[in-house]
Amino acid sequence: MLQMANWSIFGVKLNPHVNDFQRRYVTEVRRCNEMERKLRWVSGELPEPPPPPKPSPRVLTPREINILEERIDYIESEIQEITRNAQNLKTDYLALIELKLLIEKTQTFFQDHSAHRKISASVQIYNNEAVLGHLGFIAGVVATARVPSFERMLWRISHGNIFFKQAQIDEPLKDPVTSHELQKTVFVVFFHGEQIKLRVKKVCNGFQATLYPCPATYKEQQDMLAGIETRIKDLEMVLEQTEQHRRLVLTNIARDLSTWMVVVRKEKAIYHTLNMFSMDIVKKCLIAECWVPRCDLHILQKALDNGVKASGSPIPSILHHVPTLEIPPTYNRTNKFTQGFQTLIDSYGIASYREVNPALYTIITFPFLFAVMFGDMGHGLIMTIFAAILVIYEKKFLKNKTDNEIWNIFFGGRYIILLMGIFSVYTGLIYNDIFSKSLNLFGSSWKNVYDEDTLRNHSLFSLDPKDSYTNTPYPLGVDPAWQFASNSIIFLNSFKMKLSIIFGVIHMAFGVTLSVVNFNFFKKAEMIFLQYIPQILFLLLLFWYLCILMFMKWIMYSADATDEALGTYCAPSILIIFINMMLLKESTAKDPCKPFMYDGQDIIQKTFLAIAFLCIPIMLFGKPLYQMMMAKRQKQYRRGVESGEVTKQETPEESMGEILITQAIHTIEYVLGAVSHTASYLRLWALSLAHAQLSAVLWQRLLKMGLRGVSPVNAIILYLIFAVWAFFTLAILVLMEGLSAFLHTLRLHWVEFMSKFYEGHGYAFLPFSFSAILEQDDIDVKEKPNGGPPQ
């Protein structure tokens, strides 16, 4: 078991026919639980966290477990006895301190004003009970918070026939059990008669007030104070020695406490796993059924052989493949780079067994779509530097574990953040945007056609592409001349909106195409014709055709076209063309423009629309009709089974009504989703525009203000303004906008992309692993209080 737990390659299947009390190793599990509870309690008594555990490569023998259990029991009883004695000493010490303060405070009560002469002249002592003529008194200490209600209750039970004096203790006292600070108040109650005295004592007991004997004369009070101070000094010395002994015992234990805890948890995990095993008929052999990755069978066999050699058993362990109809768990191998992306996919749902895993493609598509919304070289560089620090010093951060959930989330997704930052730098380079400014790396493709006088006399100029454009595109990204254009937002809006539609259609078409991989693997070739081809045709003939029209518009229409019908004035609206196509409306245009972009466009569009709508009944009725045909074959097959011609069993068929309803839901969801999901990708354009505009506002309304002055004082102002600009850039544009873009990207993958092919009906493979068990136990210990000693 130790060898297999170290390799983390097999997951045991629980035998459901045996209850917990009938399992073989229930007693051992309970013993380990009790030892773990005692060790947690001892750990909670330590003044400092124990050192990390020492490596323990082997499992303890039953004799060593018994010795360890006896030692843990002895340590627990010894610490309990020391703690109990210390608490008793602290209780006595607290009582002496309270008595000392009470005597000091009551001296002022008896010496108050002219009553001192009357009191000192007539006080008599009877059996340690103070009596002032017929007037007696009781002194004690009560919690300060209870004084008002305590005094009010005394007043009520005596009908006002008492005299109550109090004085609050300045320094808080310590509770001997919890070590919490206690605010106490000294009080003296003067009364008349034995009946009121009994009532006063009952009230004191009800309010948990501590009563102390207090002499009435000054000389007796001084003598008692001297004796109390001597006893306090002796108790302080004994308490110090007791604390030193307790600290010494705990220090000696702390060196091995973490190691013992790991050993006990491993033993408990082993016995808990052995409880899932079955016994053979003669009860001399344990039989386990487990899931193992096929490529790790040789590792499991090696672990079994090593276990046999380590135990010295002459009987080898037998590994046998058992055929089963159960669906195996899903196991995706990951490393520190792919773990974060796999976690994003598993959060949506664990993949069905052998279903295509989208995490591999998400490594590229996720940071790219994020960067489309977050495209800024400056902000992307900040994110890249932050993630690079986490990646470079990841070993150091792994050693310093913390409970901060926000930090753990950032650190767990460090490689996701790194790729998102790198891709954001790339898209920022394409947008030519760095903190809302542009870089002129290659020289603008636009030129000035105005003379110097015109430039001085006018503030706005119009650049006609016929004269001002050099017909040489800017080599990479957006031309920096658009930074100063008044219509830059209109241009970038059109550009980013079209890009978002193009990326969205490609992303969805890729998701639909991935369903072919599932159909081929699960041997559902008919679904390629009944589902994939109609779905991909419906998507491409409508929405990819829309993307093709965008490319044609960019290529065909220009300002320097010789044909007026292909000039910028005649450039059609792609959205209007698509709406007319869907509504079967005729397109109109004014001379010299043409109603269509190319010859035969109307016929082609109607053909595409007809084919796309013909795909809907195929998606709706294709699968149910095919299953009806297969159901007839199964009936004939069952007849053959009944006649004895065949012996193979078939699974029962599903209800045709359920199949029709399910298929109708899927068809409606896909058809309507093709429209809504395509529109959903417009969030790429919307968030990119919002991010760019927020960055521009911070530059124009904040940082630009500090760059206008020329006085020396302006340097200090610029320093302060830059600090404010940097704060808002990090807090709003990097953190808040980054989180928003992350969530939108996650939604695009979960809903728009993965819904096309991903089922996510599987369950995760949980191997028997010491590292996972110890990590989970550490989390449980942090969430739950330490175990306490038995009552």
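**View A. Salt bridge between Glu243 and Arg247.** In this predicted model, Glu243 forms a salt bridge with Arg247, with 4.0 Å between the closest N and O atoms. A salt bridge is a side-chain nitrogen of Lys or Arg within 4 Å of a carboxyl oxygen of Asp or Glu. Both residues lie in helix α7 (residues 218–274), four residues apart, about one turn of the helix. Helices are DSSP runs of H or I with at least four residues, numbered from the N terminus. Glu243 is partly exposed at 28% relative accessibility, and Arg247 is partly exposed at 42%. Buried means under 20% relative accessible area, exposed over 50%, and partly exposed in between (1.4 Å probe, protein chains only).

**View B. Salt bridge between Lys336 and Glu394.** The closest N and O atoms of Lys336 and Glu394 are 2.7 Å apart. Lys336 lies in the loop between α8 (297–311) and α9 (339–348) and Glu394 in helix α12 (residues 394–399), so the pair ties together parts 58 residues apart in sequence. Lys336 is exposed at 51% relative accessibility, whereas Glu394 is buried at 6%.

**View C. Salt bridge between Glu69 and Arg31.** The N to O distance is 2.6 Å. Glu69 belongs to helix α3 (residues 62–110) and Arg31 to helix α2 (residues 26–45), so the bridge ties together parts 38 residues apart in sequence. Arg31 is partly exposed, at 25% relative accessibility.

**View D. Salt-bridge network.** Salt bridges link Glu34, Arg37, Lys38, Asp73 and Glu76 in a network. The whole structure holds 17 salt bridges.

**Notes.** Residues are numbered from 1 along each chain as its sequence is written, and side-chain values use heavy atoms, without hydrogens and water. Local features need pLDDT of at least 70 and side-chain atom pairs count only at pLDDT 80 or more, while totals for chains, interfaces and linings use all residues.

Technical notes:
Helices (H or I, at least four residues) and strands (E, at least two) are DSSP runs, numbered from the N terminus.
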